[in-house]
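Me: I've got a model open and I'd like to learn how to read its helices. Can you walk me through it?

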Amino acid sequence: MNEDLKVNLSGLPREYLDAAAAENISAAVSSQAPVAEPEPELIVNPWDIVLCTSGTLISCENAVVVLIIFHNPNLRAPMFLLIGSLALADLLAGIGLIINFVFAYLLQSEATKLITIGLIVASFSASVCSLLAITVDRYLSLYYALTYHSERTVTFTYVMLVMLWGASICLGLLPVLGWNCLRDESTCSVVRPLTKNNAAILSVSFLFMFALMLQLYIQICKIVTRHAHQIALQHHFLATSHYVTTRKGVSTLALIMGTFAACWMPFTLYSLIADYTYPSIYTYATLLPATYNSIINPVIYAFRNQEIQKALCLICCGCIPPSLSQRARSPSDV
């Protein structure tokens, strides 16, 4: 009787008390059982590792081109200055990707984000502008073939390079000067801390330069075809020789423009239609091919050049292969 009174002092039914006691026992047992810990998150994003690796390859490859042009006094013609500008821009882009990886995981701050994105924007802008400058130079060298070397001065090339790099640096300074989304997340583009307006300006500028380069290369293709036909007539070549030369020139131009479009067009179009709410994997998947353009540029514009090949052979083996020294330049080498 006393036990029943003690249990019912709370005024609650016995069935409720029994259920409560069962819950307390199960809670005590569960507290002693081992709890499965959640899987730890990845410390480093694999996409960032891939971008850093691309930046390292870009830096090493373009550093070779910059050193060859800088240390060789014979490579001071306007064409080599423009190729050197392209290699320097790609070199800085590679360094920017490496610095971005280091700052993202070691020195996280708003200042480092702005400096890094400014360097990347300026360097990639200079790279695309250098490609446009090389295209213009090739067009002028073919269109004004007789007077090009006498009228085309190094001073004019330096002026064009100053304007090119000045515009690129101004674009890179926009995030530092306030065109960033660090204070307003809703204005962010797919690449933080760039704003959507900043990304739109870069994308539209790229599309304009791509259209201009495409038009110039179409004109170059026509000039190359005409020159190859004239040379074939003067030397009484067969029609097949003229066809092979023309096809080689067209293939080279298609390689240049096709590579440029395949690398940059996905990220450019994605930047126009997307914003910060889109999954970051799409940004990485479109940005990575754009970095590959800086890997391919030295192969297309530098290492295919005979003079740079000779300088590279002198550095590596101390001699120039006879096949390289005796090879003549053809109209398809554009």
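Reply: Here are a few features, taken one by one. Keep in mind that this is a predicted model.

Me: Where does UniProt place the feature "transmembrane region"?

Reply: The unreviewed entry puts it at residues 47-70, 82-108, 114-136, 156-179, 199-218, 250-269 and 281-303. Now look at two of those spans in the model. Residues 114-136 are 100% helix, with end C-alpha atoms 33 Å apart. Residues 156-179 also have end C-alpha atoms 33 Å apart, but that span is 75% helix and 0% strand.

Me: What span should helix H10 have, and how far apart are its ends?

Reply: Count 1.5 Å a residue: the 23 residues of H10 (residues 280-302) should span 33 Å, and the end C-alpha atoms are 34 Å apart, so the two agree. There is still a kink of about 35 degrees at Ile-296, shortly before Pro-298.

Me: How do I describe two packed helices?

Reply: You give the angle between their axes and the distance between the axes. Take H5 (residues 110-143) and H10: their axes come within 11 Å and cross at roughly 35 degrees. The crossing is left-handed.

Me: Which residues of H5 and H10 meet there?

Reply: From H5 you have Phe-124, Ser-127, Leu-131, Ile-134 and Arg-138. They meet Ala-290, Thr-291, Asn-293, Ser-294, Asn-297 and Tyr-301 of H10. As for the spacing, an α-helix has 3.6 residues a turn, so residues three or four places apart point the same way.

Me: Is Thr-56 buried or partly exposed?

Reply: Thr-56, in helix H3 (residues 46-71), is partly exposed, with a relative accessible area of 35%. Its C-alpha atom is 7.3 Å from that of Ile-95, 39 residues apart along the chain.

Definitions and conventions:
Residues are numbered from 1 along each chain as its sequence is written. This is a predicted model: local features need pLDDT of at least 70, side-chain atom pairs count only at pLDDT 80 or more; totals for chains, interfaces and linings use all residues. Side-chain values use heavy atoms; hydrogens and water are left out. UniProt positions are given in the numbering used here, feature names are shortened, and annotations may be inferred rather than shown by experiment. Helices (H or I, at least four residues) and strands (E, at least two) are DSSP runs, numbered from the N terminus. The expected span of a helix is 1.5 Å times one less than its number of residues. The bend at a residue is the angle between axes fitted to the seven residues ending there and the seven starting there. Buried means under 20% relative accessible area, exposed over 50%, partly exposed in between (1.4 Å probe, protein chains only). Axes are lines fitted to C-alpha atoms, for helices over the stretch in contact, and angles run from 0 to 180 degrees between N-to-C directions. A crossing is left-handed if the near helix is turned anticlockwise from the far one by less than a right angle, and right-handed if clockwise. Contact means heavy atoms within 4.5 Å.
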